[in-house]
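Morning, everyone. Let me put the structure up, and then I'll walk you through it.

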Amino acid sequence: MPGGANGRSGDSLNELSGESHDVVQAGNVSGGIHFHQASRPPDPSRTVPRQLPADVHAFVNRTDELGQLNAVLTGRDGGRLVVSVHVVAGTAGAGKTSLVLHWAHQVKDHFPDGQLFVNFRGYDPREPVTAEQALRGFLRALGVASGDVPQDVDDAAALYRSLLADRRMLIVLDNAATVGQVRPLLPGSGDSLVLVTSRNRLAGLTVRDGARRITLGTLPEAEAVALLRAVTRDYRPGDDPDKLTELARLCAHLPLALRIAAERAASHPHLSLDDLLADLHDESALWDALSTGIDEDAEAVRTVFAWSYRVLPPHSGRLFRLLGLHPGPEFGLHAAAALAGLTLSRARQLLDDLVGAHLLEQSGPDRFQFHDLLRAYASDQAHDEEPSAEREAALRRALDWYLHTADAAQTWLQPGEDHLPLPETTAPLPPLAFADYDAAADWAERERATFPHLVRAAAAAGLHQHAWQLTATLWSALSASAAFADWLDFAPAGLASAEHMNDTNGQLLLLNQLGMSHRSVDQLDQAADYLGRALTLARTAGNRTEEAHALNLLGLIHLRTRRLEAAAAHFAQSIGIFREVSGDRWAASALSNLAGAHLEAGCLREAEAAIQAALAAHRALDSRQSVGNALWLTAELHRERGEIEAAREAIDEALKIALSLRNRGLEGFWLLSLGDIQRAGGQHGDALASYRRSAMLHRRLGDRSREALAWRGTGRTYAAMDRHGEAAAFHRQAAAVHRDLRAEWELAVELDHLAATLHPQAPGAARAHWAESLTHLTPYTDPRAESLRSRLERRLTEIDD
């Protein structure tokens, strides 16, 4: 998994801490220290996201509103006007999104650092997108690796503001329902502009955040007719203007209804407008009888929906209403075909019909979505016209297709994971087959927003086996492309379904996955609770394999908190059980963890034997991330022994693996080891470059601890170059971060380095730092800690003498 484990085995990636092995903890971005200019390599090109959906076809009118938006860009003197937030509010179907996207495409060159876009779906019948989910998506778009996005929403917002501070970007927040969705996504400073669309006024943004607001009403009659004419002129140029005026009135002058009506008129050029109007009048009268108390705009929209829906060919109409049952906000061609039980070619034809009727939006190649009003209408039609058995069968087909496709993705993304025995799929369409790792990762990225909805929909429909098996399988399918928080959003629902079925194996699998995931986001108490429950249940059920998994994962908790003897004991116990039940793959991973515990304690002979055995096993199993972890351990062992050439060879191979896995977290961490090796070999300029890239990656990832470790390496390199003033500045900054994070061991190590840099020029200050360092070592009794304690005591004695 990103930033930590490989599968349930929990290889100890990035777990080690110490004078030579540095702890990894998540945290906020810290501020202001700069690398010496002479050591800076050229900045890599920063990510420039281009997330705007396509411009609206045949956009007309809204001249006044476009002028108001243009006024945001320049003030009366021609200079930039400081307006960072603009709200476009208005009734449903008024064309808020169309207006904003049309303007955004016109002015995007004013924002050279790119555009961000999110549809909050605040009024969708499904669950809306949260601010936390939107933040995670934006940070990934800005180049932050998925697994390293800060889990806390405040930390993520702080990183987001930091990344925007020196950028000029256009940020479109579409369909927001509340101020709470929007506020964490506002830049703290800089020249970026946020455009928000909402059916609400969002007055809090005006009062507190200085937002301007445009209220978008229905179109004036002349503009409504102009919109109809713009869509239909090439198909029926002779339509009577008075009849178009009547059509506009029946659509309540709402752009969404007008476009749907215009598309129908354009698609029937030989049908008179009188006949079309008569149909719409009849539909309106029927809706009047069924919609007492509904406001005029809503009535007009529903009337036009029904008018267009009822003339669809039967197969297109069936697909339209079944798509209203799809759990996610967006769907692909294959998922739509599976849901409706169609072939791909037939599904594509019918989807094209729905897009042409303006009842469905195409969001990308073979990707589709509803306007939220149309989704609600389609869902209503499905419940009105489809028998409950057919609705359940359609949902089951879709869930089966996603489950089996996720299982296929797991083969590439987590080849070390055991596959669940899945029931035979009911979908006539086969699951996707992936040619390589990147293809599987790309699919997981595209479907990220759909996964939580699948699990919740399965649980709500009583399809509990689908719910827990999807949760467990998606844990692996998410691993290459998503943060643990994405999975933790819906994992409890999967566990509840396994408990509902009294499925012990499902509960054990999910409890261990939950423990692993909470550990990886530094929620150690929750992790220990889930793993303790897993261990108890496994022993009660006599499931030795899951017992070994729980022991191994609990060992990682002890390693994270530097209880090294307890960690080694848990790893050794799990290795014995894995070997007993022929779990060679898991035994190799637990052996890597044991090697890490020995290396961290300073027991190099024991570490070497375990590392060599683990690396050989992982190579035989062709588990790349596990191989990378063992290579990193190998590099650290060689470096401690002064075997610089061998250390460099191992870390170079590890870094190639990190890059091939598109894992920025691993790259940044292993660059720390590369810097240490380069420093030890006297390659000071190269070491500074490695530390600087590591610091840059970790700052973008929001990982304060790792960024501080890059500062430590930089300080030690400057000290080796006899540039003690610069060295002390980096060590002070790193110590401040470790103190803030309450990382006692790291603070002790940092203070030792700071004192060594200051001595002998400032013996008094050096003594104070060594004395404080000693106080932070109290909890630790392992050999490495004892060695550091003895050395500090000698230093203090020498100074006092």
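One term before we start: a crossing is left-handed if the near helix is turned anticlockwise from the far one by less than a right angle, and right-handed if clockwise. This is a predicted model, where local features need pLDDT of at least 70, side-chain atom pairs count only at pLDDT 80 or more, and totals for chains, interfaces and linings use all residues. Residues are numbered from 1 along each chain as its sequence is written, and side-chain values use heavy atoms, with hydrogens and water left out.

Now the overview. The protein has 36 helices and eight strands. Helices (H or I, at least four residues) and strands (E, at least two) are DSSP runs, numbered from the N terminus. Of the 801 residues, 58% are buried. Buried means under 20% relative accessible area, exposed over 50%, partly exposed in between, with a 1.4 Å probe and protein chains only. Take the contacts (heavy atoms within 4.5 Å). Among those with a separation of 6 or more, 71% link residues 24 or more positions apart.

Start with helix H1, residues 63-73. Which residues of H1 are buried? They are Glu65, Leu66, Leu69, Val72 and Leu73. Looking down the axis of H1, these fall within an arc of 110°, so they line one face of the helix. That arc is taken from the directions from the helix axis to the C-beta atoms. The face turned away carries exposed Thr63 and Asp64. And the buried side? Its residues pack against strand E1 (85-90), helix H2 (96-107), strand E4 (193-198) and strand E5 (212-216).

Next, two helix pairs. Axes here are lines fitted to C-alpha atoms, for helices over the stretch in contact, and angles run from 0 to 180 degrees between N-to-C directions.

Pair one is H7 (residues 221-232) with H9 (residues 255-267). They pack at about 35°, axes 9 Å apart. Their crossing is right-handed. H7 brings Ala224, Leu227, Leu228, Val231 and Thr232. H9 answers with residues including Pro255, Leu258 and Arg259. The contact residues of H7 and H9 split into nine nonpolar, one polar and two charged. Ala, Val, Leu, Ile, Met, Phe, Trp, Tyr, Cys and Pro count as nonpolar, Asp, Glu, Lys and Arg as charged, and the others, Gly among them, as polar.

Pair two is H22 (residues 504-520) with H23 (residues 524-541). The angle is about 155°, and the axes are 8 Å apart. H22 and H23 are therefore roughly antiparallel. The cut-offs: under 35 degrees is roughly parallel, over 145 roughly antiparallel, 65 to 115 roughly perpendicular, and the rest oblique. H22 passes H23 in a left-handed crossing. Among the residues in contact are Leu508 and Leu511 of H22, and Tyr530 and Leu537 of H23. The contact of H22 with H23 divides into eleven nonpolar, six polar and two charged residues.

Now some loops. Arginine 562 sits between helix H24 (544-560) and helix H25 (564-580). Its phi is near 60°, positive in a residue other than glycine. Is arginine 562 buried or exposed? Buried, at 7% relative accessibility. Serine 582 lies between H25 and helix H26 (584-601). Phi of serine 582 is near 65°, also a positive value in a residue other than glycine. Serine 582 is exposed, at 60% relative accessible area.

Last stop: proline 760, in the loop between helix H34 (744-758) and helix H35 (763-775). A cis peptide bond joins histidine 759 to proline 760, with omega about 10°.
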